[in-house]
Amino acid sequence: MIVPKPVKHESRPGSFVLDSRTSLSADPSLSEVAAWLRGELAPVTGGELLPGAGSGTITFARGDLPPEAYRLTVGPDVEIVAGGPAGAFYGAQTFRQLLPAAAVRKAAGGPFTVPGTYVEDAPRFRWRGCLLDVARHFMPKHEVLRFIDLLALHKLNVLHLHLTDDQGWRVEIRRYPRLTGVGAWRRESQTGWNGAMDGRPHGGYYTQDDIREIVAYAARRHVTVVPEIDLPGHTQAAIAAYPELGNLDTPLEVRTTWGVGVNVLNVEDATIVFFQNVLDEVLELFPSPYVHVGGDECRKDQWRASPAARRRIAELGLRDEEELQSWFIHQFDAYLTERGRRLIGWDEILEGGLAPGAVVASWRGELGAVAAARRGHDVINCSNTSLYLDYRQGPGEEEPAPFGTVLTLEDVYAFEPVPEELRGDPAAAHVLGAQCGVWTELIDSGRRVDYMAFPRIAAFAETVWGPETRDPDGFRERLAAHLPRLDAIGVEYRRADGPLPWQTRPGVPGRPEDPEGWQATIDAWTSNLRTL
C-alpha cells in the first residue's frame, strides 16, 4: 500500500528478499540517492549493501523519463529506472513503503520479503509544499530535520519556512545582530487564541550554519527550502530590534499575543535598503529560485497617520495606501529579479497592483488564485479553508486547540489544487501546485505539530501527486497500511477516534468558528478579491 497513490501499480510474479547479503548499485548520476537508500536500509539489514555483495540486487538506472518520474520493478532483483535524481529518490521511497513497517526502524530486523510489483509513477504538480511556521513557536533544528524526512516520505518537495513575524525573528543576519539578539525572544506567550498569558519567555533562532545544514539536508531529499521574510506587515519583532524601521517614536517589544498587529514597517528608503541587506544574506543561505516576502495582513493605520507615508504617496502619484503597499512590494520584486530569483507573496499583493513576475500564494479561499492565473501569474493554491492544518480536526472541545473551522482528514483529501473556475481554462496552466500550512500560534512543540499535521499531510500528498479523480475508500485502505509506518517512525498523529488523553488540552481557549467580527473580516477579504 503506497501513499501517495502511484499512477500505476501492478502485482508481478516472484518476490525480493532484503537481508544482510543484499547489494545495491547505481548509475553514477544517481549515486547520491543510492547512498541515501543504503543509509536507510543498512541499519535494518545489518549489511552494507555494497555493489555485487550478494544474491539480491537493487539497481538504479537512468531512463528517458521526466525528472521526477520513475519505474519500479520488484522481482528476484529490484530495478528503479528514473528520469533524474528526484525520480530515483521517489522510486526509493516507494520501495521503502513496500517493505513492512518495521523496516523504517533504526534497528536490525528482517529478512524482509517484498512481493513482485511493478510501479509507474510521476507527480501531477511540480509544487507540493508545506509551510512550517517557526516564528510563532520556534522549532529546534533537529525537529525541522525530522519534519523534512516526513515530507520526503510523502513525496512533498517544498518546505516553506516562515522565519519572521511579530512574535519572533528566527534567522541570523550578521549585519544586523539585534534581529536575533532582541527579535528572537519574547517575554511570554498567549495561551490559546485569546487566553491568559503564560508568563514563560520563549525564543530561539537558527544560526547561518544551522540554515546551511537544513538546506543541504533537505536538498539530499529533493526538498527545496523556501524562506519567508515577512514585510511590510508582521514585522514587530524586527521593529523591536531596530525601532527606526517603524512608524512610532515609542519603542516596541516583541509581540506576545496573536492576531493581526498594527505595527508595520515605514516606507523610508533606509528601511527598504535595510531589508535588501537582509535579503542579501538570505539569498546566500537559500539557493531556492523563490523567496517569499509575505505581503499579507498589512494594516494601514500607521501609514494613514504618517506624514512620511503621505509624502511618499504624493511623490509617487499614488492613489492610496493600497497602492503604496504595491509600490513597496515592487521594490523587492525588482531586487529579487535582478538576482535571478522570483518573489512569492500572499494574495494581498494583488490589491493595488501586482508586482510583475510575482507568484501568488492564494490563501483566502481560491479567488486570488483565479484572479492571478487569469492575469498570467503563476499561483500556489494555499486555501485556508482546505489546507490550514492548524484548524481543528474535529468539532469536540477535547481537540488540543479548538481553532478555526473543522478541517477533517476527508476534507483535505477532497481538495483539488486547480480551482473549479479554472478547470478547462488555459489559465489553469499557471497553477504550480498547492501547499498546506502548519501555523503555530497554538502549536508549541514538535509533538503538537505531529498531531495537527498527520495524517492530514498524507491526504494532502495524494491531492498534489496523484490524478484528479479521488478514491476515498482506496485512500482509507492505503492509509490504514501507512499508519503503522508512522507509528514505527514515532509520529504522534491524530487517531481517527480523536486525541489520546495526553493530546487533549482542556480549558485552553481557541478561536470559535465564527467569533464576533471574524465573518465580517472574511466577507471583506472576499469583496476585495472579487473586484480584482
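The structure, a predicted model, holds 2 cavities of 30 Å³ or more. The largest cavity has a volume of about 70 Å³. Ten is the number of residues in its lining, and D390, A401, L442, I443 and M452 are the closest to the cavity centre. By residue class, the lining of the largest cavity divides into 7 nonpolar and 3 charged residues, with no polar ones.

The second largest cavity has a volume of about 60 Å³. Its lining consists of I239, P243, G246, N247, L248, T250, P251, L252, N263, V264 and Q302. Here the division is 6 nonpolar and 5 polar residues, with no charged ones.

The next topic is the packing of nonpolar side chains. The largest nonpolar core has 168 residues, and F60 and F147 are those with the most contacts inside it. What does F60 touch, not counting residues up to four places away in sequence? Its partners are L24, S25, A26, D27, L30, V33, A34, L37, I80, A88 and A92.

The backbone also has some features to check. Most peptide bonds are trans, and most residues other than glycine have a negative phi. Two peptide bonds and two phi values in this model are worth a look against that background.

G110 and P111 are joined by a cis peptide bond, with omega at about 5°. P111 has its place in the loop between helix 2 (85-98) and strand 6 (112-121). A cis peptide bond also joins F454 and P455, where omega is about 10°. P455 lies in the loop between helix 14 (446-453) and helix 15 (456-465).

H234 is a residue other than glycine with a positive phi, near 55°. The loop that holds H234 runs between strand 13 (224-231) and helix 6 (236-241). Is H234 buried or exposed? With a relative accessible area of 5%, H234 is buried, because buried means under 20%.

E297 is not a glycine either, and its phi is positive at about 50°. E297 is found in the loop between strand 14 (290-294) and helix 8 (301-304). Its relative accessibility is 21%, so E297 counts as partly exposed; the cut-off for buried is under 20%.

The loop between helix 2 and strand 6, where P111 has its place, is also where K106 is found. K106 has a relative accessible area of 59% and is therefore exposed, the cut-off for exposed being over 50%. Which residues does K106 touch, not counting those up to four places away in sequence? They are E40 and P43. K106 and V44 are 62 residues apart along the chain, and their C-alpha atoms are separated by 6.2 Å.

Last comes the confidence of the prediction. The protein averages a pLDDT of 93, and 95% of the residues score at least 70. Over residues 511-519, however, the pLDDT is below 50.

Note on methods: Residues are numbered from 1 along each chain as its sequence is written. This is a predicted model: local features need pLDDT of at least 70, side-chain atom pairs count only at pLDDT 80 or more; totals for chains, interfaces and linings use all residues. Side-chain values use heavy atoms; hydrogens and water are left out. A nonpolar core is a set of buried Ala, Val, Leu, Ile, Met, Phe, Trp, Tyr and Cys residues joined through side-chain atoms within 4.5 Å. Buried means under 20% relative accessible area, exposed over 50%, partly exposed in between (1.4 Å probe, protein chains only). Contact means heavy atoms within 4.5 Å. On a 1 Å grid over the protein atoms alone, a cavity is a set of points where a 1.4 Å probe fits but cannot get out, and a pocket is an open set with protein on both sides within 12 Å along at least five of seven lines; lining residues have an atom within 4 Å of a point. Grid points are joined across faces, edges and corners, and a volume is the space filled by probe spheres set on the points. Ala, Val, Leu, Ile, Met, Phe, Trp, Tyr, Cys and Pro count as nonpolar, Asp, Glu, Lys and Arg as charged, and the others, Gly among them, as polar. Helices (H or I, at least four residues) and strands (E, at least two) are DSSP runs, numbered from the N terminus. pLDDT is the predictor's confidence in each residue, from 0 to 100.
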